[in-house]
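Please read these notes with the sequence and the model side by side. They go point by point.

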Amino acid sequence: MSDALVGVIVALGLAVIVVRRRSVATALVAVQSLALGIGALSLASGRSADFLVASLVLLTKAVVLPVLLVVAMRSTREARLVAPVTPGLVRLAGAAAVALLAAALVPPLGLGNPRTEHASVALVLIGIAIVVARRPAFMQVLGLIVAETGLSLLAVSVPGGLSYVIELGAVLDLALVVTVALAFTQRIHAQLGTGDTELLRGLRD
């Protein structure tokens with residue numbers, strides 16, 4: 001996969017931590033998943049039939065997950081934007097610092113292109129940073145998807161690629177996790193009238 005495409009995938013992950021609107025963040029995650037699927041499909045000609053199927057699974061994920069997210073977003077409409085704890089530039093600087101540290105400190109894993117490996121680790125950490133830095137539960141679900149995209153990018157970068165069975169299992173696991181997380185998001189929204197997880201800090205036994 002080209003370095004330019006890998007850079008775009010990482011940049012889209014960083015953008016998720018900055019934007020405020022859920023619809024924009026969902027679109028960014030959808031484009032990120034689509035870019036990964038297209039990148040994997042571009043490598044399929046020189047690899048096995050299993051890798052081709054795995055690439056098609058990734059493209060399917062790029063369609064199915066955004067649909068789930070849009071449905072959940074429409075059922076949990078926010079009366080107003082949830083004010084972030086920290087400014088967007090601060091969140092971006094923190095996530096970028098984490099990505100750069102990953103590139104500098106994580107040794108080569110020996111699975112494929114070292115730059116792609118570093119980008120994969122950076123994406124996982126960016127996803128975790130989104131979960132930590134964003135208050136809306138919906139945005140935290142997007143952070144999980146960004147982290148999983150980093151793992152998928154690493155799987156694609158392995159010479160020969162991983163079996164489509166592994167990729168299909170990973171996608172099904174992700175779909176299950178996202179479904180459960182969205183169910184909790186809807187529950188939080190139903191109880192509190194908002195998906196702002198900051199309000200959960202006031203809960204007591």
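1. Which residues of H4 are buried? They are Gly88, Arg91, Ala95, Ala99 and Ala102. Buried means under 20% relative accessible area, exposed means over 50%, and partly exposed lies in between (1.4 Å probe, protein chains only).

2. The model is predicted: local features need pLDDT of at least 70, side-chain atom pairs count only at pLDDT 80 or more, and totals for chains, interfaces and linings use all residues. Residues are numbered from 1 along each chain as its sequence is written, and side-chain values use heavy atoms, with hydrogens and water left out.

3. The chain has 7 helices and 0 strands, and its pattern along the sequence is α-α-α-α-α-α-α. Helices (H or I, at least four residues) and strands (E, at least two) are DSSP runs, numbered from the N terminus. Of the 205 residues of the chain, 43% count as buried.

4. What do the buried residues of H4 pack against? Their partners are helix H1 (3-16) and helix H5 (114-133); contact means heavy atoms within 4.5 Å. The face of H4 turned away from the buried side carries the exposed residues Leu89, Leu100, Ala104 and Leu105.

5. The length of H4 can be checked. Helix H4 (residues 88-105) has 18 residues, which should span 26 Å at 1.5 Å a residue, and its end C-alpha atoms are 26 Å apart, which agrees. The expected span is 1.5 Å times one less than the number of residues.

6. Is histidine 118 buried or exposed? Histidine 118 is buried, because its relative accessible area is 16%. Its place is in helix H5. Not counting residues up to four places away in sequence, histidine 118 touches Ala102, Ala103, Val106 and Pro107. Ala102 is also one of the buried residues of H4.

7. Val63, Val64, Val67, Leu68 and Val71 make a nonpolar surface patch of about 400 Å². Such patches consist of residues with over 30% relative accessible area and no salt bridge; like charges are joined within 9 Å, and nonpolar side chains (Val, Leu, Ile, Met, Phe, Trp, Tyr) within 5 Å. A salt bridge is a side-chain nitrogen of Lys or Arg within 4 Å of a carboxyl oxygen of Asp or Glu. Areas come from the Shrake-Rupley method with a 1.4 Å probe; for residues, only the protein chains shown count as cover. Valine 67 lies in helix H3 (residues 49-75) and counts as partly exposed at 47% relative accessibility.
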